[in-house]
Amino acid sequence: MSHAEEVLITSCKTSLQVWSSQGSGSMNSIHTYKNNGEIVPNSLNLINNRLVTTAHHGKPLLHIWPINSPDEIKNPRFVLPGPANVYKVTPDGHYLVAGINRTLYIWQISSGTLLTAQEIHLCPITCIAISLNSTHVLVGAANGCVLVYNFVHLISVEDVHYAQKELGKVKPLHNLLHHTNAVTDIQVELVNVNPRFVTSSLDNSCFIYDLRTGQPRLHIVCDEPITSTTVDAVFWNVYFGHAAGDIVQFSVSGSTSGLVHFTAPAAHLRFAGHSGRINCVDLNRTNELLVSGSDDSCVIVWNIESKQILNRLELKTPITNVKFLLNTNTFDPHYQPRYIVKELQRTLEGNAYKSFECEVYQDSSFVCESDDARWEEIDSLRKRLHLVSRVNHCLVKRLKSGTM
C-alpha cells in the first residue's frame, strides 16, 4: 500500500481493524473497533464515510460505529427480523438493504422505517448489489437465480402497499436463470448511463449483462468455482477469486460477446499466494492495487501490474471483509461525524402510509424536516423525477442561497 492517503479496513471472525502502510512492507493497525461477535462475510459497509456498519453472523443484529470511534452505537440497538445472510448500504447512504433467508428488506436509515419486505426467492439470498445511482437492486440466490429490481418500485406506495402476508408482489425487471449453482457475487459498473454488471457462481462461470435490457453480453467459464469478484472503475478487467485460493484477471475490453473458456490462465494473469478459499477482494481508487482476504487467515495487498505481493497480513481466523478507504483525517480523534440513525422497524404493519412528492434535479440539494423536527440534508445525483415513497411525513424544501 504505497498510497499513504488510502487505508484498509479488514474483518475476520474475531476483529475489525483499520490498517495503514508507509511503503515499509509492513502494515500498522491505526484503529480497532470493539466487536463482540462474528461478522457476516461481505457485510462491511460505510455510511457516507461517517459510520462503519456490519451484520452479526447468526444473530438478528447490525453493528454501527462512528468511523473514528472504537465503541459502537448502543442506543438505539439495530435489531433485524432475523439473522442477515447479506447486508448492503446504498451508495447515497440513505437506505439499508438486507437479505434475510429468502426475503429482501429495505429500511430508511434516518427514520428506521421498514419500506419493503419482498419474499423473492425460493432459496436463500446469497448476494446483493446496488447500482451507483441507487436506481437498481440486484439479488442473487443459492439456486443460481439473479433478479434485478427497480429500487423505486420496491419502496413505492403504489406498488408495495400490501399486508405482511402478501409479500413478494413487486415483479423484477429481469429474472436471469443462466447459473446452475449458488451465485457468490454481483458487481455493477460504476457509471450512471446503461451500466453493465457481472455475476459469478460456484458453477465455475461468470456472466456479464446489460443492466437496461438484462441480456447477457459475455459468458466466461473458469476451471474452478468462483467465490468472490471485483471489477475496475472502467469495467476493463474482472478479478475472480477461486475456492482453491488463486485470483485471476480477465480482460473484458479485449473480449467479444459470446462464450469464453478461461481455463489455465497464463502466469501474468494469476495472483498466487493464498492457500484457502478467497472470500473477498477489492481494488483501490486508482486501480493499481488489489486486496484479497482468504480462509487461510491472510490479507494480501497486490500490485496489479506485476502481480507481486506488496503487503501480507496474517490474522488468527478466516478473513470475511476487506475494503479500501480514502483517509481524509477520518480517524482524527477530534473529528465528530454527524449522523442520524434510529431503531429499525421489524414489521410493515402499523406503518403510516404518508407520502410526499418532490422534484429532484441533478446536483441539487434538499432538506427534509421530519416529525421529530430533525433535519437531514439529501444530496442527489438523480435527474428530475417524482417519487412517491412510504416514509415518515416530511416537509421538503428547496435550499436557496443563504436561506431555507
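pLDDT is the predictor's confidence in each residue, from 0 to 100.

**View 1. How confident is this predicted model along its chain?** Everything shown here comes from a predicted model. The chain has a mean pLDDT of 82, and 81% of its residues reach 70 or more. Two stretches deserve a careful eye. Over residues 159–165, pLDDT stays under 50, and the model has 16 contacts for this stretch beyond four places in sequence.

View 2. Start in strand β1, which covers residues 6–12 and holds Ser-11. Is Ser-11 buried or exposed? Its relative accessible area is 0%, and buried means under 20%, so Ser-11 counts as buried. Look next at its side chain: a polar contact of 2.6 Å joins it to the side chain of Thr-320, and another polar contact, of 2.8 Å, reaches the side chain of Asn-321. Leaving aside residues up to four places away in sequence, Ser-11 touches Leu-16, Ile-39, Ile-319, Thr-320 and Asn-321.

**View 3. An open sheet of four strands.** Follow the strands in the order β20-β21-β22-β24, where the pairing is antiparallel. At the edges lie β20 (226–231) and β24 (270–271), each pairing on one side only. Now zoom in on β21 (residues 237–242) and β22 (residues 247–251), which pair in the antiparallel sense over five bridges.

View 4. A pair of aromatic rings is described by the distance of the centres and the angle of the planes. How many aromatic pairs are there in this model? The count comes to eight. One of these is the stacked pair of Tyr-105 and Trp-107, with 5.6 Å centre to centre and 10° between the planes. Both Tyr-105 and Trp-107 are buried. Compare Phe-271 and Trp-302, an edge-to-face pair with 5.4 Å centre to centre and 75° between the planes. This pair links distant parts of the chain, 31 residues apart: Phe-271 is in strand β24 and Trp-302 in strand β27 (residues 298–303). Phe-271 is buried, with a relative accessible area of 0%, and Trp-302 counts as buried at 0% relative accessibility.

**View 5. A cluster of aromatic residues.** Here you can pick out Phe-197, Phe-207 and Tyr-209, which form one aromatic cluster.

Notes: Residues numbered from 1 in each chain as written. Predicted model: local features only at pLDDT ≥ 70, side-chain atom pairs only at ≥ 80, totals over all residues. Heavy atoms only, no water. Contact = heavy atoms within 4.5 Å. Helix = DSSP H or I, 4+ residues; strand = E, 2+ residues; numbered from the N terminus. Buried < 20%, exposed > 50% of the residue type's maximum accessible area, 1.4 Å probe, protein only. Polar contact = N/O pair within 3.5 Å; in protein donor to acceptor, adjacent residues only side chain to side chain. Pairing = 2+ DSSP bridges. Phe/Tyr/Trp six-rings, centres within 6.5 Å; stacked < 30°, edge-to-face > 60°.
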